[in-house]
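Hi everyone, thanks for coming. I'd like to walk you through one protein model today, so please have a look at it with me.

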Amino acid sequence: MLDRRLRGLDVHALADHLETLETEVADLRARLSRSVQERPPGHVLFLPTPAGYVLVEANEPPPPVGQLLLLEDGCFRVQRIGRSPFPRDRRPCAILEAAPHGI
């Protein structure tokens with residue numbers, strides 16, 4: 001049964017299609033590589049304070065989700081990583097929440 005199905009396949013068409021897909025993957029990898037290289041270094045912190053939200057710019061990579069940060073305004077946990085709120089800013093933004101006292 002398998003032999004009958006294999007005889008009906010157009011191997012040349014499949015090889016051409018595979019080559020097209022490999023070219024598309026290579027193009028996407030090149031675009032992704034350029035995109036990562038174009039991203040400016042650093043990240044933005046978005047944190048709550050009693051006076052409202054504050055944005056802090058940092059030069060290092062963003063902290064991982066769940067990490068505790070001790071800042072001048074208190075202790076915070078990274079809730080998630082999102083996009084920077086600044087227009088046309090490609091840096092990631094760490095959204096922080098106040099950490100419960102006693103941690």
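Let me start with a definition: helices (H or I, at least four residues) and strands (E, at least two) are DSSP runs, numbered from the N terminus. Now for some ground rules. This is a predicted model, where local features need pLDDT of at least 70 and side-chain atom pairs count only at pLDDT 80 or more, while totals for chains, interfaces and linings use all residues. Residues are numbered from 1 along each chain as its sequence is written, and side-chain values use heavy atoms, with hydrogens and water left out.

So what does the chain contain? Its secondary structure comes to 2 helices and 5 strands, and from the N terminus on the order is α-α-β-β-β-β-β. Of the 103 residues, 20% count as buried; buried means under 20% relative accessible area, exposed over 50%, and partly exposed in between, using a 1.4 Å probe and protein chains only.

Let's begin at the helices. L9 sits in the loop between α1 (2–8) and α2 (11–38). L9 is partly exposed, at 44% relative accessible area. Together with V11 and L14, L9 forms a nonpolar surface patch with about 280 Å² of accessible area. Like charges are joined within 9 Å, and nonpolar side chains (Val, Leu, Ile, Met, Phe, Trp, Tyr) within 5 Å. The areas come from the Shrake-Rupley method with a 1.4 Å probe, and for residues only the protein chains shown count as cover.

Next, please find strand β5, residues 92–98. In β5, 5 of the 7 residues are buried, so this strand is largely enclosed by the rest of the structure. Which strands pair with β5? Strand β1 (residues 43–49) runs parallel to β5, joined by 3 bridges, and β4 (residues 74–83) runs antiparallel to β5, with 7 bridges. Two strands pair if DSSP finds at least two bridges between them. F46 stands opposite I95 in β5, and R83 has P92 of β5 as its bridge partner.

F46 is partly exposed at 26%, whereas Y53 is exposed at 60%.

Methods: Patches are made of residues with over 30% relative accessible area and no salt bridge: like charges are joined within 9 Å, nonpolar side chains (Val, Leu, Ile, Met, Phe, Trp, Tyr) within 5 Å. A salt bridge is a side-chain nitrogen of Lys or Arg within 4 Å of a carboxyl oxygen of Asp or Glu.
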